[in-house]
Amino acid sequence: MIHIPKIFRPDDSSGDGNQTPITLPLLPLRDIVVFPHMVSPLFVGRSKSINAISEAMNSEEKYILLSTQSDAGKETPKENEINRIGTIAKVLQMLRLPDGTVKTVVEGKYRARIVEFKANDRFFEVNIEIIAEPEIHISEKETFFRNINALLKDYARLNKNFSKDTIKNIAAISDPAKMIYTVAGHFSFKTVENQSLLETTAISERLTHLIELIKQEIIILETDKLIKTRIKEQMEKNQKTYYLNEQMRAIKKEMGSDDSEADELKDLEKRIKDKKMSKESNSKAKQELKKLKRMTPMSAEATVVRNYIDWLISLPWRKKSKIVKDIEKAQKILDEDHYGLKKPKERILEYLAVQTLVKKLRGPILCLIGPPGVGKTSLAKSVARATGRKFVRLSLGGVRDEAEIRGHRRTYIGAMPGKIIQSLKKVNVNNPVFCLDEIDKMSMDFRGDPSAALLEVLDPEQNYAFNDHYLDVEYDLSDIMFITTANTLPDIPLPLQDRMEIIRLSGYTEVEKYHIARNFLVPKQIEQNGFKKDKIIFSKNSIYTIIRSYTREAGVRSLEREIASICRKVAKDLLKNKKDIKNKVIPISSKTVEKYLGPGRQNFGLVEKNNQIGIVTGLAWTQFGGELLSVETVTMPGKGEFTVSGKLGDVMKESAKAAISYVRSRSEQFNIDQLFYEKLDIHIHVPEGAIPKDGPSAGIAMCTAIISALAKLPIDRNVAMTGEITLRGRVLPIGGLKEKILAAHRGGIKKVLIPKENERDIIDIPASVVKQLTIIPVGHMDEVIKHSIVESDDKPLINHAYKFNKESLDDSDIVVADV
């Protein structure tokens, strides 16, 4: 049972400060100070604190010591983190809540000092001494009381929540200590300040500190009131200014002397009159101007109408660039900017030639399709330079909103014309070269289909009356020369394809890349990296080494980056070694390339070293150019299983099935065991299995490899082939012949077998390459075998006793082997 003795006063005979310590449970408080004579609710959640409350409730007097932590963030404070001065309080009420916490109501009684902490694992338990409140002289007390009451009245004048009844109750208190605690309880002082009021021994010091704190609160309230007053006055001033301005405008309007607004309207009227527009747009502009004159200048609708008129009179309705019709000059400019690209250049020159003969020619819609880096956009720029037109470019990659093309209707907030009209305003002529980049990268969603909106833009029969939703008048786009670019044709919607002239840029050959590097890229990078012309000399072999071993692309972007890298490294070496940069000539050889760029990062196919059984050199097309592709076939004793591997696509798998079916149907002719499909397992593999492969051009290579493996006859290593096979053994045409032939030439192949129908494409291959190769057109598999498989006298491949007339087969004949 806890016993509280009589409170000692300074005038007590025994008040010498020597007290018998009292043992009480301790409740550490986080961010609150409970004063004597103060009733306060507390929420307790820590287990030690709950145990301390419970211990106090179980005692007769229900006393507990309340002391504030020095660091409120500590969940488990140590003894040295609890203030030594606290308040003895009586627990009036304790309520356990469902979440495990405890709500308690306490009443502060006395100030006390912690003498020592006692060992207790369940809760903090301390020995304390009660601190008696010292007396103060009556005159001094009266002075303090009057000051405090005056300050409280000032505070109540600024804070309406501080009632007069509270002031009366405080004024009725005669005990200085009780007044300090009562006043502090009505203010939101900081915890540190409250603890200071509790700890200070002298009453006069505590009263002085309390007066300072009340004055600080009054200053804060006065400052807050001043700020609010200023804001209110500023708002009233703005409203007053607006009201007066509106009155002045109204007066001027009545007197007919609103100069600024009238001047603006007159300026718009003059611009409309001077602007050469279509009849429809001119009428629309005048109509909107009349509407604007009747509107209040500050209204939102007036701003919308004014912006609309600005758009109408800012567009180049009839302003055009003077077109250059000198074909020889245009040819020279195109050749200066680009090497090769014969077909696109021819088409552009054809357009210029027709334009010299016809006054009005609707702009052609050209679509340049090719892999990245082949010069599609730069070719469009060259066209603009060659024809004397201005150039404007619009990227359509990622566009998924129809309004990007047609614009927003003016009923929407922040509406604007579409990108077509915006671009024309920017370029300020009505006949530029308009490049629509990445037309295959558009998509669609709930906001519409931008490709459908482009149908009107790119249709020569419709674009003379293009209707933008924002302008809502017809605009003539027929004088614009549209050039679109794309990487792949299938990603362009068919209706859009139908409105454009497709020009394919298949990528540059090694020879073309060499000439581009020598004539364009090398001089450009030498200059950009601070060298004079001819101070860095790239040999022919060095350029070919970069092309073959350090780049793998259809265009020349990576090639230019590698050349730039070499120039930078040369500059670094010269400065590092303190050599004369201006006069020194630096030769770049293949070894120098390897020194600066490291080991080669790319490999290209080479001819096999020996004739081998079941290995055929095929030809493949990639977006980076042609490649040699080995097709390997092996046979094993088994039960007739047929396997293909190498990450082949569905088309190549079907080619393999067609090849095996053809071999089974002609096994007797090829001196092959007719029941091989029951005794042997056949596995076809195309190396580099991590790279996906597909396309209709590997049929004859697979068929030749199967026949070689079954007949145990080698294949000529100097032969490469491309073509698709049918079940009757016919060889079907393929695409990408130019790239494939160049790959064969690069790899050291001597003889190339191509489909007979591709013979017409040989004209596109450089003559220097054709001269060094034997190109044999083949129409049937028999011809392929004749030129590829190496027969021996003791083991002929063809069974001449077998008669098979392939010419007698019509389109309905299918040769099917017995199963």
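Author: On a 1 Å grid over the protein atoms alone, a cavity is a set of points where a 1.4 Å probe fits but cannot get out, and its lining residues have an atom within 4 Å of a point. Points are joined across faces, edges and corners, and the volume is the space filled by probe spheres set on them. This is a predicted model, where local features need pLDDT of at least 70, side-chain atom pairs need 80 or more, and totals for chains, interfaces and linings use all residues. Residues are numbered from 1 along each chain, and side-chain values use heavy atoms, leaving out hydrogens and water.

Reader: Why roll a probe at all?

Author: A probe the size of a water molecule, rolled over the atoms, shows where empty space is left. Here that gives 2 cavities of 30 Å³ or more.

Reader: What is the volume of the second largest cavity, and which residues line it?

Author: About 30 Å³. Its lining includes L29, V33, I85 and Q195. β3 (63-68), β4 (85-96) and α5 (191-199) each give at least two lining residues; such helices (H or I, at least four residues) and strands (E, at least two) are DSSP runs, numbered from the N terminus.

Reader: How does that lining split by class?

Author: Into 6 nonpolar, 5 polar and no charged residues. Ala, Val, Leu, Ile, Met, Phe, Trp, Tyr, Cys and Pro count as nonpolar, Asp, Glu, Lys and Arg as charged, and the others, Gly among them, as polar.

Reader: And what about the largest cavity?

Author: Its volume is about 40 Å³. The lining has 3 nonpolar, 3 polar and 3 charged residues, with E608, D716 and R717 among the residues there.

Conventions:
1 Å grid on protein atoms, 1.4 Å probe; cavity = no way out; pocket = protein on both sides within 12 Å on 5 of 7 lines; lining within 4 Å.
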